[in-house]
Amino acid sequence: CGWQLRGVTNQPNLETLTIKGASTKLRYTLEDQLEKQGVLTHNESPYLLVIDDEDWMRRTSAVDFQGRQAEIELRYTLYWHIQDRKSGALLTTPARLRAIRTLPWYPENATASSDEEDLVRDDLYEDMTIRLINQIATASQRWEPY
Amino acid sequence: APVEGPISVSADRGRFEQDAGTGVYSGNVELLQGNRSMQADKMSLFTKNGELVRVEATGSPVKLSEGEDLEAHAGNLVYDIKARTLVLTGDAFIRHKGNTFEGAKVEYSLDSKRVDASSEGDQRVRLVIPAENQIPGNDKKDNTDSESSKP
Amino acid sequence: ADNDLNWVDREEMATFPPVQQRTVPDWCGGMYYNPSVGLPVEGSDTVVTADHSTLTQDGLISLDGDVLIEQPGRRITTDSARLDQSTGKYELESGMRLESDQATFIADNMSGQTRRREGSLQGVRYALFDISSRGSADYIYINDNTTTITNGSYTTCAPGSNGWSLHGKRIFLDREKGWGEAENVVLKVKSTPVFWLPWITFPIDDRRKTGLLFPTIAIGDDNGLDISQPIYINIHPQMDATLAPRFIDGRGSGVDTEFRYLTPLGSGDLSYGVLFNDRKFDDEDRQVGRWTHNGNVGRWNLSTDFNYVSDDFYFKDLDTGLEISSQTHLPRLAEARYYGRTWDMLGRMQSWQTIDPTLADQDLPYRRLPQLQLSGDPSLIGPLKGLWLSDFTAFERSSSDDSGKATGLRGHAAPALSLRLQNSWSYLEPRGRVYHTQYKLDNVDATDEENPEITTWGASLDSGLIFERPTNWFGTSYTQTLEPRLFFNKVGYEDQSELPNFDTREVTFSYNALFRENRFIGYDRIGDEEKLALGLTSRFLHDASGREQLRLRVAQGFYFEDREVLTDDPLEDPTDDQTPLVGDARWNFASDWYLYTEAQWDLEENERERSNFQIGYNDRERRVFNVGYHDRPADDIQESEISAILPIHRHWRVVGRWMYDLENKRTLETMAGAEYRNCCWKLRLLSQRELTDEDGDGDVEGDSTIWFQIQMIGLGGFGGQVDSLLERSIPGYRREYE
């Protein structure tokens with residue numbers, strides 16, 4: 001029914017990329033992932049990835065019988081676009097990426113719960129980076145190489 | 001008034017009417033006087049007791065230039081040597097130190113270098129001030145910004 | 001009337017060519033807009049038409065008769081004008097009108113300097129487009145970034161409406177700093193003077209949305225009237241402060257202060273609030289303090305979140321919303337993280353202030369003073385990589401803690417070797433890891449070991465294939481992937497019953513948890529395990545953009561031996577031979593809609609373990625909608641929530657939230673509110689009720705509050721409380737959407 005092994009991974013069709021506006025964690029997670037796909041990040045690339053807005057939201061999504069926090073929800077939202085660094089011309093229309101995860105919160109073990117929250121945040125950064133690079137890769141197929 | 005220097009005129013055809021004291025030239029007429037030159041299709045030169053007092057030129061258009069500061073063209077031009085004025089009428093256009101004037105009638109005084117443009121009917125005066133004449137501090141002579149030191 | 005200030009209403013906007021049309025904000029009848037002037041172009045010529053003009057030798061141009069001076073982005077009409085080209089000075093003596101893409105001025109006369117792009121006008125009526133404000137003045141001075149209005153007025157109300165207007169001897173608007181300042185000011189509402197102030201500052205754009213003159217009024221069922229009056233102090237472009245004296249009828253008065261700063265090492269927020277001798281808290285002072293900071297310096301990220309509260313009931317008594325009243329622990333954290341190319345470092349000091357009186361001492365969290373962690377993945381030869389993780393933490397407990405739990409130092413290292421082989425359609429990664437944990441404990445009773453340590457090993461094999469096929473959904477072409485994954489994990493058993501448990505618990509069961517080497521989080525337990533996990537992921541990738549439209553995942557683990565290493569109340573029966581089946585789905589089915597769901601099903605007992613469902617909508621035009629369902633049978637938690645902020649009319653917007661406890665058949669939180677807004681006014685009414693354990697005896701009672709806020713748009717935003725309440729309660733709402 002049409003399945004075949006993936007022929008070629010969706011690689012970004014650019015050698016270098018400049019990143020602007022990202023938090024330290026997002027910037028260097030992106031940098032690592034991009035490097036694995038042969039894209040170097042530095043400040044003189046013709047392509048400029050602009051993170052217009054990066055927003056974390058953490059809230060109580062469920063409480064226990066005593067009204068105490070029992071589950072927290074993490075929402076990570078990114079607004080981004082790519083432009084030609086020199087001319088500023090938009091190469092991708094401004095887009096949004098969103099990820100949500102919930103995890104239980106155990107009042108009697110706050111330390112482990114906060115460590116698990118860090119773990120989930122790392123997962124979300126990883127997931128967001130992979131999806132972002134995938135979109136960059138698809139968009140970059142249409143750009144003429146510099 | 002400063003002596004203008006000799007005037008030379010060249011054209012395809014010329015005719016001089018002795019008694020009226022007017023010379024009429026036509027066809028690629030060119031008049032040169034010092035750094036001023038005029039090109040026109042037809043030019044009439046009026047003399048009075050042997051001295052040139054007035055030049056009337058028509059062309060499509062008449063062209064006039066004086067050094068690099070002044071350049072003009074119009075349907076017709078009257079050069080009044082006594083009054084030392086140039087009067088351009090009929091789609092008059094003059095470029096003076098970068099500023100261009102257009103209008104129904106433009107008068108330029110050779111001594112005071114003053115340009116007067118006026119409109120007639122619905123053809124209004126149009127003046128274009130190029131950007132470099134406004135950009136601060138780009139005036140070659142004036143390297144300080146405050147106007148007090150302006151000569 | 002002022003309708004010659006280029007105020008464009010909706011009908012007129014529709015007459016413009018589509019490319020020039022701008023969206024008129026729906027709550028306001030129109031906007032200031034002048035497309036006919038075009039946009040300024042650097043270095044463009046000035047074209048002047050007039051009935052008559054003269055130019056003298058020294059560059060003095062004079063123009064008379066129906067004069068029109070035009071540049072891209074700017075147009076001046078007057079009757080007579082003088083321009084001295086050599087100095088750039090110009091004079092427009094008779095009545096004139098200046099139109100630009102940013103403003104419109106109608107004045108008796110104007111003079112200025114083209115060189116420094118400045119001008120001063122007399123007898124003026126003005127409209128400033130970007131801050132949508134208008135007014136009149138005896139005298140206005142303008143240059144690139146500032147507008148100084150002398151003996152003039154300022155309002156953001158639409159022409160013809162006199163909702164409010166500010167009259168001042170001097171009103172100074174600085175567009176670069178986004179700031180306005182006025183001296184000797186009278187505020188008029190419906191043209192009757194309301195009050196006089198010697199001096200005020202106000203934000204003129206939305207960079208800083210904090211309140212200035214506008215009180216926040218609340219009425220609570222046990223607090224009575226609760227008024228707070230924010231005063232905004234703009235100390236410095238990089239620093240500002242808000243001082244909000246607060247009066248609570250049932251309790252007393254106090255002040256909330258907030259100081260925000262921006263430095264090269266990052267930005268932060270320092271807030272402190274005090275209520276003096278609270279009559280309902282036997283005359284004690286109630287205090288709350290918080291310091292948050294976040295800064296990026298090179299590859300370092302510095303952050304803090306330090307909280308203090310004077311008693312366990314501060315938030316329940318003096319703040320609003322289930323989000324804040326359900327907090328059990330307030331973090332006290334200072335962290336420095338380094339993100340290197342190969343090596344990452346973490347250094348932090350972490351402790352908590354517990355504000356849940358029902359928690360016994362032994363359930364209080366440990367303090368990590370400090371925790372130092374190093375992790376990295378240096379590549380050795382070719383695909384062979386080293387994986388390093390080491391953690392050194394000092395665990396302490398508060399001096400008043402009598403749980404008798406051990407404290408001390410813990411060193412942990414978990415180096416590994418990994419050989420990841422990968423191509424476009426598959427990956428294979430064998431890993432070998434050694435775990436070693438060592439303790440140096442104090443206040444341990446005699447029988448226990450003072451320096452327990454353990455060493456064990458682990459081996460895992462992670463492998464997967466990636467299949468693809470083109471598909472088509474409602475006419476859009478997608479690539480669907482099918483990604484089977486097989487993960488075998490073996491961790492050697494070592495008796496760890498002697499070890500203390502500082503920060504360890506079983507990882508919450510989820511898709512990702514199945515593919516972890518250690519089934520515990522924290523380093524006090526290395527979970528012995530022999531398990532095979534099978535996972536299947538399918539993604540629908542939108543061909544044109546590469547966007548992941550839908551992701552479906554399912555996985556389950558199979559054990560080959562029982563688990564020996566346990567914590568006190570294991571989430572999972574250690575003798576099960578398989579894990580629950582877990583599946584999740586994430587679907588962005590339309591540009592502004594999303595769906596996220598996760599469910600775990602215990603096939604043996606055929607019952608659901610934990611499930612979660614969220615569907616929501618938010619676009620950037622202030623429409624937000626969420627429905628959520630959270631279910632955790634093991635802890636009797638089954639709750640639903642629905643929240644929304646929806647404009648229902650040009651001027652009206654409604655807010656709603658309802659969180660319901662299906663297990664105990666009771667409403668946990670409700671919120672209902674409405675907001676009226678026009679060009680220059682905003683009124684907001686919000687009622688809120690939540691169940692909270694108000695006196696710490698374990699059962700919850702209702703606590704309700706009604707909020708009322710007014711705001712004059714263009715003179716300052718709301719006080720922050722209601723905005724932060726909405727941000728905490730309505731997921732997806734952000735105050736910038738105002």
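The legends below describe close-up views of the contacts between chains in a predicted model.

**Conventions.** Residues are numbered from 1 along each chain as its sequence is written, and chains are lettered from A and ligands from 1 in the order of writing. In this predicted model, local features need pLDDT of at least 70 and side-chain atom pairs count only at pLDDT 80 or more, whereas totals for chains, interfaces and linings use all residues; side-chain values use heavy atoms, without hydrogens and water.

**View 1. Overall arrangement of chains A, B and C.** Two pairs of chains are in contact (heavy atoms within 4.5 Å), and chains A and C share the most contacts. Chains A and B do not touch, with 23 Å between their nearest C-alpha atoms. The model has an ipTM of 0.77 and a pTM of 0.79. For chain C the average pLDDT (the predictor's confidence in each residue, from 0 to 100) is 89, and 97% of the residues score at least 70.

**View 2. The interface of chain C with chain A.** Here 87 residues of chain C meet 65 residues of chain A. About 6500 Å² is buried (accessible area, 1.4 Å probe, lost on putting the two parts together and summed over both), with 46% of it on carbon and sulfur atoms.

**View 3. Salt bridge between Asp127(A) and Arg551(C).** The N to O distance is 3.9 Å.

**View 4. Strand pairing between chains A and C.** Strand β1 (residues 4-5) of chain A runs antiparallel to strand β34 (residues 467-473) of chain C, joined by two bridges (pairing requires at least two DSSP bridges). Gln4(A) has Glu468(C) as its bridge partner.

**View 5. The interface of chain C with chain B.** Contacts link 29 residues of chain C to 30 residues of chain B. The buried area is about 2600 Å², 46% of it from carbon and sulfur atoms. Leu55(C), Gln57(C) and Arg115(C) supply 27% of the area that chain C buries against chain B, more than any other three residues.

View 6. The side chains of Asp51(C) and Arg124(B) form a salt bridge at 2.6 Å, N to O; the count between chains C and B is one. Strand β9 (residues 115-118) of chain B pairs with β4(C) in the antiparallel sense over four bridges, and Val115(B) lies opposite Leu55(C).

Technical notes. Salt bridge = Lys/Arg side-chain N within 4 Å of Asp/Glu carboxyl O.
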